[in-house]
Amino acid sequence: MKFTKIHLHLSTTGQIGPEDMEAIAATGFRSIIGNRPDGEEDGQPAWSVLEAAARDHGLAARHVPVGDSHTVGEQKDAFAAA
């Protein structure tokens, strides 16, 4: 996985899977925020699977989907809180 640092406490990466959570936690991250709505793309893991795997590795997990019926404008406050 390649992480892009956006801010001191915020980085981004492409689609992650449940198998990535151990490495994410080992890198020092404490939480994940999922922005993809469930079912956005074939083969994409469901948020519930990602959330369970994250929590199994001590990561907090928040789902703030953007797309479909959720716009960036609608989700900006939820993202900031996450």
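Modeller: Residues are numbered from 1 along each chain as its sequence is written. In this predicted model, local features need pLDDT of at least 70, side-chain atom pairs count only at pLDDT 80 or more, and totals for chains, interfaces and linings use all residues, while side-chain values use heavy atoms, with hydrogens and water left out.

Colleague: Happy with that! What pattern does the protein chain follow along the sequence?

Modeller: The pattern is β-β-α-β-α-β-α, with three helices and four strands. Helices are DSSP runs of H or I with at least four residues, strands are runs of E with at least two, and both are numbered from the N terminus.

Colleague: Where does histidine 63 lie, and why is histidine 63 called partly exposed?

Modeller: Histidine 63 is in strand S4, residues 60-63. Its relative accessible area is 30%; buried means under 20%, exposed over 50%, and partly exposed in between (1.4 Å probe, protein chains only). Histidine 63 is therefore partly exposed.

Colleague: Which residues is histidine 63 in contact with, leaving aside neighbours within four places in sequence?

Modeller: Those are Gly34, Arg36, Pro37, Asp38 and Trp47, where contact means heavy atoms within 4.5 Å. As for asparagine 35, its C-alpha is 6.3 Å from that of histidine 63, although the two are 28 residues apart in sequence.

Colleague: What does the side chain of histidine 63 reach at 3.0 Å?

Modeller: The side chain of histidine 63 reaches the backbone oxygen of arginine 36.

Colleague: And how much of the protein chain counts as buried?

Modeller: That is 23% of the 82 residues.

Note on methods
A polar contact is a pair of N or O atoms within 3.5 Å; within protein, one must be able to donate a hydrogen and the other to accept it, and residues adjacent in sequence count only if both atoms are side-chain atoms.
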